[in-house]
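Thanks for coming. I will talk through one structure, starting with its aromatic side chains and moving on to its charged ones.

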Amino acid sequence: MGLDLNWTFNMKAQPSKELLSIVLPNEKVLQCYQTIRDQADLTDKRIIVMDKQGLTGRKVEIYSIPYRSIDMWSTENAGGFFDVNAELELWTKSGHFKIKLNAQCDIREFDSILGNAILMNS
């Protein structure tokens, strides 16, 4: 069946020390997003999502989605007053991921990063 995960990215952010500690020496961070208490990095090789769990957030699960595992993606821009979030869906070898981006995040920038990373390296 695979994974079926959802995240909402609220704004651009600077990468945390914790996330930077798992980025490889030859890997470049292209963009970073903040959720309510989680963080996600788009690198030139993968999407990394740090999912803090529990009341204290000390338990952390890290998802690493290599671009080479993405079979297909779709993006949808926000529709307006009642539809404030843009949406990105990823279909991968391990499951389905849905990411919402609020108005402070540019879905087309995300689209461009994905397109360059996936299509230029295939």
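Which residues do ring pairs link into a cluster? They are Phe9, Tyr33 and Phe110. Before I go on, please keep in mind that this is a predicted model.

The count of aromatic pairs comes to three. I will take two of them, both involving Phe110. In the pair of Phe9 and Phe110, the ring centres are 6.3 Å apart and the planes sit at 25°, so this pair is stacked. Phe9 belongs to strand 1, residues 3–9, and Phe110 to helix 2, residues 107–119, so the pair ties together parts that are 101 residues apart in sequence. Both Phe9 and Phe110 are buried.

The second pair is Tyr33 with Phe110. Here the centres are 5.6 Å apart and the angle of the planes is again 25°. Planes under 30 degrees apart count as stacked, so Tyr33 and Phe110 are a stacked pair. Tyr33 is buried, as is Phe110.

Now helix 2 itself. It has 13 residues, and from its first C-alpha to its last it reaches 18 Å, close to the 18 Å expected. Its buried residues include Ile107, Phe110, Asp111, Ile113 and Leu114. At the start of helix 2, a side-chain oxygen of Asp106 comes to within 3.0 Å of the backbone nitrogen of Arg108.

Arg108 has a second contact to mention, a salt bridge with Asp111, where the closest N and O atoms are 3.2 Å apart. Both residues lie in helix 2, three residues apart, which is about one turn of the helix. Asp111 is buried, whereas Arg108 counts as partly exposed, at 39% relative accessibility.

How many salt bridges does a search of the whole structure find? The search finds five.

Asp71 and Lys93 meet through their side chains at 3.6 Å, N to O. Asp71 is in strand 7, residues 70–76, while Lys93 is in the loop between strand 8 and strand 9, 22 residues away. Asp71 and Lys93 are both exposed.

Glu87 and Lys98 form another salt bridge, with 3.6 Å from N to O. This one runs from strand 8, which holds Glu87, to strand 9, which holds Lys98, and the two are 11 residues apart. Lys98 is partly exposed, with a relative accessible area of 24%.

That is what I have; questions are welcome.

Definitions and conventions: Residues numbered from 1 in each chain as written. Predicted model: local features only at pLDDT ≥ 70, side-chain atom pairs only at ≥ 80, totals over all residues. Heavy atoms only, no water. Phe/Tyr/Trp six-rings, centres within 6.5 Å; stacked < 30°, edge-to-face > 60°. Helix = DSSP H or I, 4+ residues; strand = E, 2+ residues; numbered from the N terminus. Buried < 20%, exposed > 50% of the residue type's maximum accessible area, 1.4 Å probe, protein only. Expected span 1.5 Å × (residues − 1). Polar contact = N/O pair within 3.5 Å; in protein donor to acceptor, adjacent residues only side chain to side chain. Salt bridge = Lys/Arg side-chain N within 4 Å of Asp/Glu carboxyl O.
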